[in-house]
Amino acid sequence: MTLSINIRPFRSGDVEPIKELTAQTFAGVSLEQNVENLLGLLEGHDWRWRKARHIDDDVARNPGGIFVAETEGRIVGYITTLVDKDAGRGRIPNLAVDPNFRGNGLGRRLIERALDYFRSVGLCYAMIETMEQNEIGRHLYPSCGFEEVARQVHYARKL
Ligand SMILES: CC(C)(COP(=O)(O)OP(=O)(O)OC[C@H]1O[C@@H](n2cnc3c(N)ncnc32)[C@H](O)[C@@H]1OP(=O)(O)O)[C@@H](O)C(=O)NCCC(=O)NCCS
């Protein structure tokens, strides 16, 4: 099914809605939440605050490579990208779709949009990662043509 959802380039006014969507959507699939589960609240900030800050980083690094999915003026998904032209590599650090709009191919469309963008700036390969606990990511990325190359283990401790 094709939804009447437009995918367009990021605008500066999108930062806050994207951060809100991030805070709403990453429960159960965020490294920041896993750390909080282990160590508790840190510096008075919860995992949602920490995760939303990743968007600030993405915007600072490559605003021209962020795309948002919008319907009736409401942002219901986004994808962020990083580009290393010398290495020929594109990376997708963050991707999210509003739970009310999932399961209709929007995540896949956002990934395809990012891959088209990578091709348009002359890159030759793309990378994306997901946590082992993220069942949807582990299904979606291989079905978008990505192949597993490595697994990484994250550790944390209190100081
Ligand atoms: C990952 C995410 C963006 C996908 O958005 P979406 O619009 O639902 O994506 P799509 O509809 O294109 O594809 C979802 C796929 O996962 C499948 N899926 C849904 N629930 C699943 C589950 N529990 N286990 C495995 N696969 C599942 C769907 O069937 C679909 O696959 P298909 O196209 O082969 O049928 C969305 O789930 C999300 O925002 N999750 C929270 C944030 C997140 O995990 N971001 C990625 C971090 S790596």
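Ile79 stands opposite Leu95 in β4. This pair belongs to a predicted model. Strand β3 (residues 74–84) and strand β4 (residues 89–97) run antiparallel, joined by seven bridges. β4 also pairs with strand β5 (residues 125–128), and these two run parallel. Elsewhere, α2 and α3 pack with their axes 8 Å apart.

- β3 and β4 form a hairpin, with four residues between them.
- Gly88 sits in that turn and has a positive phi of about 75 degrees.
- Four bridges link β4 to β5.
- Arg89 stands opposite Tyr125 in β5.

**Helices α2 and α3**

- The packing angle between α2 and α3 is about 155 degrees.
- The two helices are therefore roughly antiparallel, since the angle is over 145 degrees.
- Their crossing is right-handed.
- On the α2 side, the contact is made by Glu32, Gln33 and Glu36.
- On the α3 side, Trp47, Arg50 and Lys51 make the contact.

**Asp46, between the two helices**

- Asp46 lies in the loop between α2 (31–39) and α3 (47–61).
- Asp46 is partly exposed, because 14 other C-beta atoms lie within 10 Å, a count between the exposed limit of 12 or fewer and the buried limit of 20 or more.
- Setting aside neighbours within four places in sequence, Asp46 is in contact with Glu36 and Leu41.
- Glu36 is also one of the α2 residues in the contact with α3.
- Asp46 and Ala87 are 41 residues apart in sequence. Their C-alpha atoms are 35 Å apart in space.

- Most residues other than glycine have a negative phi.
- Glu43 has a positive phi of about 55 degrees, although it is not a glycine.
- Glu43 lies in the loop between α2 and α3.
- Glu43 is exposed, because 6 other C-beta atoms lie within 10 Å.
- Glu72 also has a positive phi, near 50 degrees, and is a residue other than glycine.
- Glu72 is found in the loop between β2 (67–71) and β3.
- Glu72 is exposed, because 8 other C-beta atoms lie within 10 Å.

Methods: Residues are numbered from 1 along each chain as its sequence is written. This is a predicted model: local features need pLDDT of at least 70, side-chain atom pairs count only at pLDDT 80 or more; totals for chains, interfaces and linings use all residues. Two strands pair if DSSP finds at least two bridges between them. Two residues are in contact if their C-beta atoms, placed from the backbone, lie within 7 Å. Axes are lines fitted to C-alpha atoms, for helices over the stretch in contact, and angles run from 0 to 180 degrees between N-to-C directions. Angles under 35 degrees count as roughly parallel, over 145 as roughly antiparallel, 65 to 115 as roughly perpendicular and the rest as oblique. A crossing is left-handed if the near helix is turned anticlockwise from the far one by less than a right angle, and right-handed if clockwise.
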